[in-house]
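Here is a short report for a reader new to this structure. It covers a pair of packed helices and some salt bridges.

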Amino acid sequence: MSLIQTQKGMKLGLVFVMLFSMIFFQFSGKTYAAKSLEDIRVALMIQSLHTQSNVTLFASGGLEVGVKQSSGIDKWISEDVSKKIKVSIDQYMLKIIETSDFNQASSLSEKVEDGSGFIFKVNREGKTLYQVYAGTYASISEAKNIRSTLEKSLNLSNIVITGPNYLNAASYDHKKDAEKLISDLTGKGIDAYLVYQENNNGDLIYSVWVGEAIDQNDLGEIKNEVEGLFSELELKSIEVDSPYIVVRNGLSSNDKGSTIPHYFFNANEQKLWITSDSSDIQIEEKYNRTYRGSIEITQYKDRLAVINELPFEQYLYSVVSTEMGADWPTEALKAQAIAARTYALQLGMKYGIAHISDTTFDQAYKGSNVENAHVTNAVKDTEEMVLKDSNGDLIIPFYYSNAGGLTASPSEIWDSPINYVESVPSPDDIAEEGLLLWDHVVLSNGTIGYIRTDFTSNTSKTNAAGFPIVNVTDNQINVRQAPFVNNDINAPIAKVSVGDQLILLDQVIESNSFRWITKPYSAAELLKSINQTSNNVITGELETLEITDRGPSGRVLEIEANGTVVDVSYPDRYRTALNSIRSTRFEIDQTNNYTVLGADGHTSEFPDSDESLHVIDSGSTSEKADTDFIVLNGENHIRVLTEEPQFRMIGYGFGHGLGMSQWGARQLAEFVEYDYQEILKYYYKDVNIEKVD
């Protein structure tokens, strides 16, 4: 059974097809397909999503490095248990500096953006030198552009471009002979490199290359220099189409004591194949996660590509563990396993050289670190089971974290019908179980924010406006703009300690996947995000933001900014437009927008009214009360208002909302006692659960 599946009878909009394409992808003139259900290729780094200039690998059981060719895998190198290896494409680089000062080298390499700074260690005339490089780059023009940027940021003016052009000084059957010549050459100031390659008989040989030239003219000058110092050497051109690995002695920026073999492989469609006989392979740039199977390192669209190839069912052990918790009910895990299996199968070779990525662009995969026996058993219990529509074709089993009580209609997400998905109630509030409440408070200086209730205690006091006062019970406690902990998107705005007293406005549950509150965004912040996402540009300052249309489940279909429709490609893109909010089932709280009811039923709309509003604050003595103030309506609902427009979103659910809610699946299994078939058929209509053909 091929991993490639087509889906008949489904008419989808253009945007939908672009996002979830099921066509065969072409690469190098070939159509790629998986090895039925045996293996899957997962893109850990690839140009289509994200990549880096190098990858660092380690295995406690040691690594074997080979070259993948049409005839099979040729194993070239075995590294001992204690060593890491680093791998890059052999392309253009920037030689930033050569120095005997390791601290200087370390500092410069860390200042190179995107983690593309390298340090190499060389011994020249009995002296240890450290070379700092940046790269790699697919072309000279790209290297020149980066060089210009680096020279400004590093305050340097002599950065040199190097290239993947070499001359072969000699080749040997034994590695030690090559290393002897390298020592002789570097001792005379000539950079020389150990190279693994094969001779015409397919036997592994050890060559010594010089060069690192950007073009043939540069290479000619190097040839003259080397032959002038070593007349016995006859420098020869290399076979640019043949596989090779150039080895350099790398260092980490914080350790000059141990070298890391840094392998540079031929950019001309070469593939490195990394395996370990007795342990999983760890990748440093992927949060030190470990991976089953093998790692293929190649290039895709001139950038480094790192692919994890492993048995298909073992891939699911990690996906289900990542997408759900190990302590979740067995039947929910089984439902997730079938959905994840079906999703991966119907993608085909989505990324040209890989079936699927490891990100939530497809489905999350974090390697073997997260595997759990409970999850593994659930996957095994559903082995080869998939979801098919009434025509016998694999469906796209959309799933996500939390529906917020009601799943989405397809028209609310991509403006396209999907015959096996409709809006249904979803029991998702279990996501709130065990979460703490947060106090919405005013500090003595007028700052308004949220603090967890386990760091406050009630008093019998109230302020002049009648709001309760609470004490702080611990030291250096963070106050945040929204009720959740995330230092990247909701950093602390203040700290309070024992002895501080706060005015309590209200209490809310910690933001979670079922219900949530964003921090207030300034008009400028939100307008920038809107204009980066929408197909039209909202000009001027952002003064108003209104929801003007909703779908059957209450999800947003249309938003107007300053009275102009924010034109997004499909409704779910409003999540991205509004600073990547969790779902489109939300309300907008514009904090300078309010109505005042006066005598005789007269109302004044702010900020549109020309009238003045005189505010009695909450008891703060800070000047901040002039811009942030608190009002209480007739139903005792509190709002924090501002003179300048700010916007916060208050919503339900996490994800697009189509198909299966993961938290809903958990609640159906745990409290309604649904089995995996009942869960799947609740969220996907008129589907069959079958073994793969």
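## Terms and model

Buried means under 20% relative accessible area, exposed means over 50%, and partly exposed lies in between (1.4 Å probe, protein chains only). The model is predicted: local features need pLDDT of at least 70, side-chain atom pairs count only at pLDDT 80 or more, and totals for chains, interfaces and linings use all residues. Residues are numbered from 1 along each chain as its sequence is written, and side-chain values use heavy atoms, with hydrogens and water left out.

A salt bridge here is a side-chain nitrogen of Lys or Arg within 4 Å of a carboxyl oxygen of Asp or Glu. The pair links distant parts of the chain: Glu-313 sits in helix H6 and Arg-341 in helix H7, 28 residues apart. Helices (H or I, at least four residues) and strands (E, at least two) are DSSP runs, numbered from the N terminus.

## How H6 and H7 pack

Helix H6 spans residues 312-323 and helix H7 residues 330-346; they pack at an angle of about 125 degrees, with their axes 9 Å apart. That angle makes H6 oblique to H7. Angles under 35 degrees count as roughly parallel, over 145 as roughly antiparallel, 65 to 115 as roughly perpendicular and the rest as oblique. Axes are lines fitted to C-alpha atoms, for helices over the stretch in contact, and angles run from 0 to 180 degrees between N-to-C directions.

The contact (heavy atoms within 4.5 Å) involves residues of H6 including Phe-312, Leu-316 and Val-320, and residues of H7 including Leu-333, Ala-337 and Leu-345. By class, the contact has 10 nonpolar, 1 polar and 3 charged residues.

## Other salt bridges

The structure holds 26 salt bridges. In one of them, the side chains of Glu-296 and Lys-68 meet at 2.9 Å, N to O. Glu-296 belongs to strand E21 (residues 294-300) and Lys-68 to strand E5 (residues 63-69), 228 residues apart. Glu-296 is buried, at 1% relative accessibility. Lys-68 is partly exposed, at 28%. Salt bridges that share partners join Arg-41, Lys-68, Glu-296 and Glu-309 into one network.

Lys-180 and Asp-184 also form a salt bridge, with their closest N and O atoms 2.9 Å apart. Both lie in helix H4 (residues 175-187), 4 residues apart, about one turn of the helix. Lys-180 is exposed, with a relative accessible area of 51%. Asp-184 is partly exposed, at 31%.

Technical notes: Ala, Val, Leu, Ile, Met, Phe, Trp, Tyr, Cys and Pro count as nonpolar, Asp, Glu, Lys and Arg as charged, and the others, Gly among them, as polar.
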